[in-house]
Amino acid sequence: MNNYIYEYGQKLYINLTNRCSNRCSFCIRNNLDELNGHNLWLSKEPEAQEVISSLEKKDLSKYPEVVFCGYGEPTYRIEQLVEIAHYLKSRGAKVRLDTNGQGNLINNYDIVPKLKGNIDKVSISLNHYDAQEYDKICLSVFGEQAFYAMLEFAKACKNAGIETRLTIVDVLKEEEINKCKQLAQNIGIDLEIRSYIDKN
Ligand code: SF4
């Protein structure tokens with residue numbers, strides 16, 4: 001069964017793809033086939049209307065946020081993501097995108113104008129303050145270019161008026177965490193330090 005939508009904690013999540021431009025060393029996909037009893041591996045990527053049909057049966061008012069996040073990078077499905085997000089906004093939901101920040105490279109155009117007005121909040125994996133170290137952790141198909149594109153994406157989201165935060169995982173050393181904090185501060189974006197398995 002394909003779990004295109006699933007609940008975790010208080011929130012509702014949307015799982016659009018298993019494709020990802022990264023192969024992060026800490027990715028929970030490496031260790032867990034299921035999250036809270038939901039198998040997030042897909043045999044087929046959904047069309048937007050399939051997801052919207054499932055959402056129509058849900059009382060969205062009970063979720064503080066609906067989040068695009070699954071076992072893959074949601075921006076691979078930018079067209080479907082925007083269509084679904086637009087529907088969610090029409091139902092009054094608060095919509096968040098969790099992303100590796102490489103959506104502009106993945107799609108080969110600037111996706112931020114499409115997110116504006118449809119996504120309330122974007123949470124972007126910073127992972128490290130240094131491009132070389134980022135590449136060692138993330139193993140992006142775009143190499144070190146991914147790091148710089150991710151930072152540009154974060155700045156563009158913020159400039160577009162989308163609530164933007166960078167995240168790191170608490171497996172980094174204290175000195176590395178402090179440098180990530182400094183980097184985030186330098187570009188005026190909030191940094192969140194999250195635990196290894198955290199979908200808040
Ligand atoms: S970007 Fe996310 S989904 Fe992709 S490999 Fe890294 S942790 Fe996993």
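**The ligand shell and the fold around it**

Student: How many nonpolar, polar and charged residues are in the shell around the ligand?

Tutor: By class, the shell holds three nonpolar, two polar and no charged residues. Here Ala, Val, Leu, Ile, Met, Phe, Trp, Tyr, Cys and Pro count as nonpolar, Asp, Glu, Lys and Arg as charged, and the others, Gly among them, as polar.

Student: Which residues surround the ligand?

Tutor: They are C20, N22, C24, C27 and N100. A residue is near a molecule if one of its heavy atoms lies within 4 Å of it.

Student: What kind of model is this?

Tutor: It is a predicted model, in which local features need pLDDT of at least 70 and side-chain atom pairs count only at pLDDT 80 or more, while totals for chains, interfaces and linings use all residues. Residues are numbered from 1 along each chain as its sequence is written, and side-chain values use heavy atoms, with hydrogens and water left out.

Student: Now helix α1. Which of its residues are buried?

Tutor: In α1 (residues 48-56), the buried residues are A48, V51, I52 and L55. Buried means under 20% relative accessible area, exposed over 50%, and partly exposed in between, with a 1.4 Å probe and protein chains only. Helices (H or I, at least four residues) and strands (E, at least two) are DSSP runs, numbered from the N terminus.

Student: Why are those four on the same side of α1?

Tutor: They cover an arc of only 100° around the axis, which puts them on the same side of α1. The arc is that of the directions from the helix axis to the C-beta atoms. In general, an α-helix has 3.6 residues a turn, so residues three or four places apart point the same way.

Student: What covers them?

Tutor: The cover includes β1 (5-8), β2 (11-14) and α2 (78-90).

Student: Where is E83, and what is it in contact with?

Tutor: E83 lies in helix α2. Leaving aside neighbours within four places in sequence, E83 is in contact with A48, Q49 and I52, where contact means heavy atoms within 4.5 Å. Two of these, A48 and I52, are among the buried residues of α1. E83 itself is partly exposed, at 40% relative accessible area.

Student: New topic: how many aromatic pairs are there?

Tutor: The count comes to five aromatic pairs. Rings of Phe, Tyr and Trp (its six-membered ring) pair if their centres lie within 6.5 Å; planes under 30 degrees apart count as stacked, over 60 as edge-to-face and the rest as tilted. One of the pairs is Y8 with Y13, which is edge-to-face, with 6.4 Å centre to centre and 75° between the planes. Ring pairs also link Y6, Y8 and Y13 into a cluster.

Student: What about the phi of N127?

Tutor: N127 has a positive phi of about 70° although it is not a glycine. N127 sits in the loop between β7 (121-125) and α5 (131-138) and is buried, at 4%.
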